[in-house]
Amino acid sequence: MKLRYLIPVACSLLVSSLTQSAPLEIQLPPETAQLKPSNHPGRVIASQKCAICHSVDYINLQPGTMSLKQWTAEVTKMQRVYGAPIGEAEIAQISAFLATTYGTEPAGTVTTASAASAPASSAKAADAMSLLNANACLGCHAIQNKIVGPAYQEVAKHYKDDAQALSKVSANIRQGGSGRWGAVPMPGYAGLSDEEIHTLAAFILKQ
């Protein structure tokens, strides 16, 4: 058989082999990068909201010469172009934290609204849906269907007969992590009060 006939046959066999093979599964490594330490209230918001869409490494790799104006433009782009679930007040908080911790602004020179403007710390006695919306939980979870993380009904079913369900789910919300429901990490919500954590955990387990 001539070469020009052998090549199409070989290609056909290769395509057939690839289409019949099992789907390729990629296991992502666990998230290990952490934001730099800071007492700035914007760090709490950044740890909760930024990690929803990308690794902390994305922040660590940005140039250390960025000013407050440049960081504000970057965070604003994340909200308006990529749909990051952050409000206008949070843009100011996150930008100030990044500019003083990763950029050129000296610590303590950038002031923003008080930490009470952060939704997680100001939502005392708020109902569960307010907390879910304020902390972008519904960007990764839904009541009935899996999005990035498991559906809340699936979580409730998993813990249905567990006497320690409330404390376990509460700990998972506060600490975050990965591996329980897949490789995609969930950020921890250390900025939430015990009452807010309890409200969220109780809501999830009632689904």
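The model described here is predicted. Val-148 sits in the loop that runs between helix 7 (128-134) and helix 8 (152-158). Together with Ile-147 and Val-184, Val-148 makes up a nonpolar patch on the surface. The accessible area of the three residues together is about 240 Å².

Helix 2 covers residues 41-53 and has a kink of about 30 degrees, centred on Ser-47. Buried residues in this helix include Gly-42, Ile-45, Ala-46 and Gln-48. Lys-49 and Cys-50 in helix 2 are buried as well.

Lys-49 is paired with Glu-90 in a salt bridge, with 2.8 Å between the closest N and O atoms. This pair joins distant parts of the chain: Lys-49 belongs to helix 2 and Glu-90 to helix 5 (residues 88-101), 41 residues apart. Lys-49 counts as buried because its relative accessible area is 5%, under the 20% cut-off. Glu-90 is also buried, with a relative accessible area of 8%.

## Helix 4

Gln-79 is part of helix 4 (residues 68-80). With a relative accessible area of 16%, Gln-79 is buried. Its side chain reaches the backbone oxygen of Ile-86 at a distance of 2.9 Å. Apart from neighbours within four places in sequence, the residues in contact with Gln-79 are Ala-84, Ile-86, Gly-87, Glu-88 and Ile-91.

Lys-77 is partly exposed, at 31% relative accessible area, whereas Glu-74 is buried, at 17%.

## Helices 9 and 10

Arg-174 and Asp-194 form a salt bridge in which the closest N and O atoms are 3.0 Å apart. Here too the pair links distant parts of the chain, with Arg-174 in helix 9 (residues 165-175) and Asp-194 in helix 10 (residues 194-205), 20 residues apart. Arg-174 counts as partly exposed at 26% relative accessibility. Asp-194 is exposed, with a relative accessible area of 61%.

## Salt-bridge count

The count of salt bridges comes to four.

Terms used:
Residues numbered from 1 in each chain as written. Predicted model: local features only at pLDDT ≥ 70, side-chain atom pairs only at ≥ 80, totals over all residues. Heavy atoms only, no water. Patch = residues over 30% accessible without salt bridge, like charges linked within 9 Å, V, L, I, M, F, W, Y side chains within 5 Å. Areas by Shrake-Rupley, 256 points an atom, 1.4 Å probe, with all protein chains shown as cover. Salt bridge = Lys/Arg side-chain N within 4 Å of Asp/Glu carboxyl O. Helix = DSSP H or I, 4+ residues; strand = E, 2+ residues; numbered from the N terminus. Buried < 20%, exposed > 50% of the residue type's maximum accessible area, 1.4 Å probe, protein only. Polar contact = N/O pair within 3.5 Å; in protein donor to acceptor, adjacent residues only side chain to side chain. Contact = heavy atoms within 4.5 Å. Bend = angle between axes of the 7 residues up to and from the residue.
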